[in-house]
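Have the 3D view open as you read.

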Amino acid sequence: MSSLFDQIRETLVSNDVVLYMKGDQKFPMCGFSNTVVRILETLNIPFHAVNVLKDMELREGIKTFANWPTIPQLYVKEEFIGGCDIVSEMYETGELQALFAEKGIGA
Amino acid sequence: MAMSQEKLKSFLIKAFPDALIEIQDLAGDNDHFAVTLTSAAFEGKNRIQQHQMVFEALEGHMGKALHALRVKTQLPRG
């Protein structure tokens with residue numbers, strides 16, 4: 001499992017915004033993943049999408065890594081931000097926009 | 001894969017005896033619920049920690065029997 005976690009950390013270190021999702025940015029394969037993709041696009045936030053459907057070990061490993069049982073999972077500057085519910089809630093309250101501004105990401 | 005609303009509620013009541021638990025059935029298929037939990041137990045916890053408390057209450061069913069559960073947590077007002 002540790003090499004998988006190293007792979008995950010490597011991805012998080014080399015990309016400001018990472019979304020572990022089902023499908024990819026053009027073709028999200030699940031409503032929750034689609035919701036987060038739409039929010040990031042609405043905010044003009046470039047992100048690195050990782051399609052967990054292509055790697056079952058990663059699909060389960062990321063849940064252990066974050067102690068979070070579902071996909072999608074959003075990470076900003078190596079920090080786990082949340083899944084669809086939390087990202088949506090933060091978007092509605094403006095906290096997500098503030099987070100990206102604070103981290104110097106996007107617009 | 002699904003779970004009845006009653007079973008879902010029983011997990012939450014057991015873990016959050018003081019909470020106000022609101023469950024909305026989104027699709028009538030025992031697989032698409034929206035849960036809002038209002039509890040003092042969330043005091044001092046961030047959203048991720050609050051949601052993780054709910055997942056623990058669901059004893060491993062989240063992401064399995066319950067794959068499309070929407071969760072909202074909040075502290076009691078006032």
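**Where the chains meet**

This is a predicted model, so please read each value below as computed from predicted coordinates. Between them, chain A and chain B bury about 1,300 Å², and 54% of that area is on carbon and sulfur atoms. Three residues, A:Phe32, A:Asp85 and A:Glu89, supply 38% of the area that chain A buries against chain B, more than any other three residues. In terms of residues, 17 from chain A are in contact with 13 from chain B.

Polar features are found here too. The interface of chain A and chain B has 7 residue pairs in polar contact, with both residues at pLDDT 80 or more. Which elements of chain A give two or more residues to the side that touches chain B? They are strand S4 (79–82) and helix H4 (84–93) of chain A. H4(A) gives the most, with 7 residues. By type, the residues on this side of chain A divide into 9 nonpolar, 5 polar and 3 charged.

**A closer look at H4(A)**

Helix H4(A) is worth a moment in the viewer. Is it mostly covered or mostly open? It is mostly covered, as 7 of its 10 residues are buried. Those buried residues are A:Cys84, A:Asp85, A:Ile86, A:Val87, A:Ser88, A:Glu89 and A:Met90. Both chains take part in covering them: the cover includes helix H2 (31–42), strand S3 (73–76), S4 and helix H5 (95–102) of chain A, together with helix H2 (47–57) and strand S3 (70–74) of chain B. Just after H4(A), A:Gly94 takes a positive phi of about 90°.

**Salt bridges**

Side chains of opposite charge can pair when their charged atoms come close. Over all chains, the structure holds 9 salt bridges, and the count between chain A and chain B is 4.

| Pair | N to O separation |
|---|---|
| A:Asp85 and B:Arg70 | 2.6 Å |
| A:Arg9 and A:Asp6 | 3.1 Å |
| A:Glu60 and A:Lys63 | 3.3 Å |
| A:Glu79 and A:Lys103 | 3.7 Å |

A:Glu79 lies in strand S4 of chain A and A:Lys103 in the segment after H5 of chain A, so this pair ties together parts that are 24 residues apart in sequence. A:Glu79 is partly exposed at 40% relative accessibility, and A:Lys103 is partly exposed at 25%.

Two other pairs sit within single helices. A:Arg9 and A:Asp6 both lie in helix H1 (residues 2–14) of chain A, 3 residues apart, or about one turn of the helix. A:Arg9 is partly exposed at 42% relative accessibility, and A:Asp6 is partly exposed at 45%. A:Glu60 and A:Lys63 are separated by about one helical turn because they are 3 residues apart in helix H3 (residues 56–66) of chain A. Here A:Glu60 is partly exposed, with a relative accessible area of 41%, whereas A:Lys63 is buried, at 14%.

There is also a network of salt bridges, which links A:Glu89, A:Glu95, B:Arg47 and B:Lys72.

**The nonpolar core**

In soluble globular proteins, nonpolar side chains tend to be buried together. The largest nonpolar core in this model has 58 residues, of which A:Tyr20, B:Leu8 and B:Leu12 touch the most other members. Leaving out residues up to four places away in sequence, B:Leu8 touches B:Met3, B:Ile23, B:Phe33, B:Val35, B:Leu58, B:Leu66 and B:Leu69.

B:Ser39 sits in the loop between strand S2 (33–38) and H2 of chain B. Why does B:Ser39 count as buried? Because its relative accessibility is 1%, and buried means under 20%. The side chain of B:Ser39 makes a polar contact with that of B:Asp18 (3.1 Å). Beyond four places in sequence, the residues that B:Ser39 touches include B:Phe16, B:Gln74 and B:Pro76.

A:Ser33, in helix H2 of chain A, is buried at 0% relative accessibility. Leaving aside neighbours within four places in sequence, A:Ser33 is in contact with A:Met21, A:Lys22, A:Pro28, A:Ile71 and A:Pro72.

A:Cys30 is found in the loop between strand S1 (17–21) and H2 of chain A and is buried at 16% relative accessibility. The C-alpha atoms of A:Cys30 and A:Pro72 are separated by 9.0 Å, with the two residues 42 apart along the chain.

Technical notes. Residues numbered from 1 in each chain as written. Chains lettered and ligands numbered in written order. Predicted model: local features only at pLDDT ≥ 70, side-chain atom pairs only at ≥ 80, totals over all residues. Heavy atoms only, no water. Core = buried A, V, L, I, M, F, W, Y, C linked by side-chain atoms within 4.5 Å. Buried < 20%, exposed > 50% of the residue type's maximum accessible area, 1.4 Å probe, protein only. Contact = heavy atoms within 4.5 Å. Buried area = accessible area lost by both parts, 1.4 Å probe. Salt bridge = Lys/Arg side-chain N within 4 Å of Asp/Glu carboxyl O. Polar contact = N/O pair within 3.5 Å; in protein donor to acceptor, adjacent residues only side chain to side chain. Helix = DSSP H or I, 4+ residues; strand = E, 2+ residues; numbered from the N terminus. Nonpolar A, V, L, I, M, F, W, Y, C, P; charged D, E, K, R; others polar.
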